[in-house]
Amino acid sequence: MKKKFDTKCGIAIPTTFFRSLVFFSLLAVLALPIYTFFFLTPAVEGFIIRAQEQQAVRLAVHMESKMIPDKSQQLGKHILTADVLKKIRGTSRDFNLFKVRILFPDGEVLFSTKEEEIGTVVSTKEFLQTVKGGKSYSQLTPKGEKSSEGTIMPGDIVETYAPILRDGKTIGVFEIYYDISATEEKMRGMLSLFYITLFPIVFILFIAVILSCRKAGMNITRRIEAEEKLLEQSAELQQRNDELTELIIVCRERQQRLETAQKARQEAQDRVQEELLKRQKMQADLLRHVVEAQEDERARIARELHDETAQTLTAASLNFATLKNQLDGKPELSDLVHNLQNLCKQMNQDLYRLVHDLRPAQLDDLGLVPALRYLTDEGLRNTGMKASLQVIGKPKRLEPFLETVIFRIVQEALTNITRHAETDFAAVRLEFVKGKGLVKLLIRDEGKGFDPAKLNEVRHGWGLAGIEERVKALNGSFRIESAPGKGTSLEAVVPVQQLAVCQIVGESEPVQSRETEDGAQDA
């Protein structure tokens, strides 16, 4: 077939395309009835019949499970109570059952809604397969045809056998004749309505295709005319494009001047940023020197107290003990010496706690986590407040300076809670963020709280300000959440530098450390 083209304005239009479209639309209209009658209708009918057979099996199994007692190991007339017979007749009416029967495994009819069948014997192949295999069976018998027992059906009936199983053994069969004639009639009515609706729609669509092809031809003609106008407008646009080109050249020159100024500003910002980074580094170095100087001084004072004052108290305690032994005949003086000896012991214990607060040995020997564990377990014993410690992630030894700063932050926060929060419990959470090189610290109490906006108006706000300055000097972030009557939450996030590969492999080391310290304290 030779195609015809209209090449006006450079557009090739196949006029035979619309004829082919109409031809194939006509073929589709003719093929639709054939497909509907010979393929679609049998498929729908088969699907509905299978669905009704499955519904009949479920109904039979449901009636068997609800109407035959589970404890019945054998069928007999004793199960046919008035309540069971009432349920069977009610279900037969509700689901339009043609017949319901209960049979012994040998085929004898124990019960039937048709009383004349009671006592007869059923020996069909389907019944024997159900008894032997223990599986349900269903089959549709159309109206006017004979069932498996040779009975002519008055309608479309689904004959269903459901085994009655007890401990894996078939003790009987529950049989129903499920009348689906009404469903079949509804299905045929729906198919008829579908055909009556479908074919006019297809015819209308065929007419619409013809009209659309005609309209498309008219649109193409209008498009050709529009393209002729576009050619004229294109010449005008070309002229305007030349004018815009000159304007773009001017804009580029201005852009270059702007970029030069932008570059100068960026260089100035870089210098300011560099100076800011230097100052931040100086601030961090200053903080490090201050903290190290404080910790060195604390360690020196702790050593002097331990080496000199503690020995003096120990010597005094021993002298009091000797004096007490020499005053056995003087009870009053002996009791006084005993009290002085207990006072020396109490002073020794207080001195030990003071030395520990100045510089905890666990922080140097075992690391941050054991030191915090001792602080929350033992360090607050005299304050009357309790604290819990939760460690998330895999603990590792950090840089000693960073461990000291984090320990002092927790110590300062717990001191503030003891003095101002008016609560007897605080929670500390230390999280080692895997893969990010961060340590998150969260300290929470359920005390009276305060307004963070008025932090600088009260004296204890200076301690929190000191914590914030330490965290920011470490390039970290610090956040306070609090409200009157709702407690306080402090969160600090600092970057870490892992300088050691020593890992804390459990809680046995902190416990052992505390036992050792308790023994030294008692000594």
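A salt bridge is a side-chain nitrogen of Lys or Arg within 4 Å of a carboxyl oxygen of Asp or Glu. The model is predicted, so local features need pLDDT of at least 70 and side-chain atom pairs count only at pLDDT 80 or more, while totals for chains, interfaces and linings use all residues. Residues are numbered from 1 along each chain as its sequence is written, and side-chain values use heavy atoms, with hydrogens and water left out.

**Exercise 1.** Describe the salt bridge between arginine 223 and glutamate 227.

Solution. 
- Step 1: the N to O distance between the two side chains is 3.6 Å.
- Step 2: both residues lie in helix H4 (residues 181-326), 4 residues apart, about one turn of the helix. Helices (H or I, at least four residues) and strands (E, at least two) are DSSP runs, numbered from the N terminus.
- Step 3: an α-helix has 3.6 residues a turn, so residues three or four places apart point the same way.
- Step 4: buried means under 20% relative accessible area, exposed over 50%, and partly exposed in between (1.4 Å probe, protein chains only). Arginine 223 counts as exposed because its relative accessibility is 52%; glutamate 227, at 23%, counts as partly exposed.

**Exercise 2.** Which parts of the chain does the salt bridge between glutamate 175 and arginine 101 link?

Solution. 
- Step 1: the side chains meet at 2.7 Å, N to O.
- Step 2: glutamate 175 is in strand E5 (residues 169-179) and arginine 101 in strand E1 (residues 97-103), 74 residues apart.
- Step 3: both glutamate 175 and arginine 101 are buried.
- Step 4: the count of salt bridges in the model comes to 12.

**Exercise 3.** Characterise glutamate 422 by its place, backbone, exposure and partner.

Solution. 
- Step 1: glutamate 422 sits in the loop between H8 and strand E7 (425-433).
- Step 2: its phi is positive, about 55 degrees, although the residue is not a glycine.
- Step 3: glutamate 422 counts as exposed because its relative accessibility is 64%.
- Step 4: glutamate 422 forms a salt bridge with lysine 448, with the closest N and O atoms 3.6 Å apart. Lysine 448 lies 26 residues away, in the loop between E8 and helix H9 (461-473).
- Step 5: with a relative accessible area of 42%, lysine 448 is partly exposed.

**Exercise 4.** Which residues touch the most other members of the largest nonpolar core?

Solution. 
- Step 1: a nonpolar core is a set of buried Ala, Val, Leu, Ile, Met, Phe, Trp, Tyr and Cys residues joined through side-chain atoms within 4.5 Å.
- Step 2: among the 42 residues of this core, they are Leu414 and Leu441. Helix H8 (residues 400-421) gives the largest share of the core, 11 residues.
- Step 3: 16 of the 22 residues of H8 are buried.
- Step 4: beyond neighbours within four places in sequence, leucine 414 is in contact (heavy atoms within 4.5 Å) with Leu375, Leu380, Met385, Ala426 and Val428.
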